[in-house]
Amino acid sequence: PGPQFNMRQGVTIAGKSICVELDESVKGTGGSYWDGSVVLAKHLEQNSELVRGKILLELGSGLGFTSVAAKVLGAAQVVATDLCEVLPVLETNVRTNEVDVLVTEIDWNFPKYIKSDLVICSDVLWLVDLVCPFTNTLFTNLSESNKAIICDKLRSLEVRNEFFKLLKEFKLEYRELGTMHGHDIWEVFKQNSREA
């Protein structure tokens, strides 16, 4: 089955219709519609205190729906990241929705730190070979004073188990926040850190 949400026609978040377009020239998953981006945006809409006035970093932004939504929800700053070949369509979607979102590259194989109050990610756990680079990038961007919200649909038990195993190895803890539209939502934070 295809996506549950029609992001091309627009999905309403906080009273604003957010539309994102595909770019057929983008290879891989970064140029695809992923329902998790809308589910995560809806979760943030229901918990706007996580976003309002905060600095957010999105890992694996793809078409940018969640980053745009975070800005609409009142984030002070949003940094949307993905591979360099995805950035042009990401920038176009940010411009089309008339929001101020910083777009930059983060390749999970070469993680870099960007200071944030909250790290957000959706539908990033689907290939076992990407779980370790993703978890390392997540670890790199978590501190004692922030946390991550991850929204993911179970596609592979092997991938999910590998992710939970790596969380332990990286000394990261998680807490289940619930399920929405078939996607699990977790809070991830460094062990012994205070809740942000």
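## Helix H4 and what covers it

The buried residues of helix H4 are Val131, Pro133, Phe134, Thr135, Thr137 and Leu138. Here buried stands for a relative accessible area under 20%, exposed for over 50%, and partly exposed for anything in between, with a 1.4 Å probe and protein chains only. Helices (H or I, at least four residues) and strands (E, at least two) are DSSP runs, numbered from the N terminus. This is a predicted model, in which local features need pLDDT of at least 70 and side-chain atom pairs count only at pLDDT 80 or more, while totals for chains, interfaces and linings use all residues. Residues are numbered from 1 along each chain as its sequence is written, and side-chain values use heavy atoms, with hydrogens and water left out.

Which elements cover the buried residues of H4? They include strand E6 (118-122), strand E7 (147-152), H5, E8 and E9. The length of H4 also fits: its 13 residues should span 18 Å at 1.5 Å a residue, and its end C-alpha atoms are 19 Å apart, which agrees. The expected span is 1.5 Å times one less than the number of residues in the helix.

## Aromatic pairs

A pair of aromatic rings is described by the distance of the centres and the angle of the planes. The structure holds eight aromatic pairs. To count, rings of Phe, Tyr and Trp (its six-membered ring) must have centres within 6.5 Å; planes under 30 degrees apart are stacked, over 60 edge-to-face, and the rest tilted.

Take Phe139 and Phe170: this pair is tilted, with 5.4 Å centre to centre and 45° between the planes. It links distant parts of the chain, 31 residues apart, since Phe139 belongs to helix H4 (residues 128-140) and Phe170 to the loop between helix H5 (157-169) and strand E8 (172-180). Phe139 is partly exposed at 27% relative accessible area, whereas Phe170 is buried at 18%. Phe163 and Trp186 also make a tilted pair, because their ring centres are 5.9 Å apart and their planes lie at 35°. Phe163 is in helix H5 and Trp186 in strand E9 (residues 183-190), so this pair ties together parts 23 residues apart in sequence. Both are buried: Phe163 has a relative accessible area of 0%, and Trp186 has 2%.

Phe163 and Trp186 also belong to one aromatic cluster with Trp108, Phe134, Phe164 and Tyr174. Phe134 is one of the buried residues of H4 as well. Phe139 has a charged neighbour: Lys190 lies over its face, 4.3 Å from the ring centre. A charge sits over a ring if NZ of Lys or CZ of Arg is within 6 Å of the ring centre and within 35 degrees of the ring normal.

## Two nonpolar cores

In the largest nonpolar core, which has 37 residues, Leu44, Val51, Leu56 and Phe65 touch the most other members. Such a core is a set of buried Ala, Val, Leu, Ile, Met, Phe, Trp, Tyr and Cys residues joined through side-chain atoms within 4.5 Å. Two or more residues come from each of strand E1 (11-13), H1, helix H2 (65-72), strand E4 (77-82), helix H3 (87-96), E6 and E7. H1 gives the largest share, five residues.

What does Leu56 touch, leaving aside its neighbours within four places in sequence? Its contacts (heavy atoms within 4.5 Å) include Leu50, Val51, Ala70, Val78, Leu118 and Ile120. Another core, of 25 residues, lies apart from the largest one and has Val79, Ile106, Cys121 and Leu142 among its members.

## Cysteines

How many disulfides are there? The count is zero, where a disulfide is a pair of cysteine sulfur atoms within 2.5 Å. The sulfur of Cys132 is too far for a bond, because the closest cysteine sulfur, in Cys121, is 15 Å away. Cys132 is partly exposed at 40% relative accessible area, and Cys19 is also partly exposed at 22%.

## Positive phi values

Most residues other than glycine have a negative phi. Ala14, in the loop between E1 and E2, has a positive phi near 50° and is partly exposed at 43% relative accessible area. Glu98, in the loop between H3 and strand E5 (102-105), has a positive phi of about 55° and is exposed at 71%.
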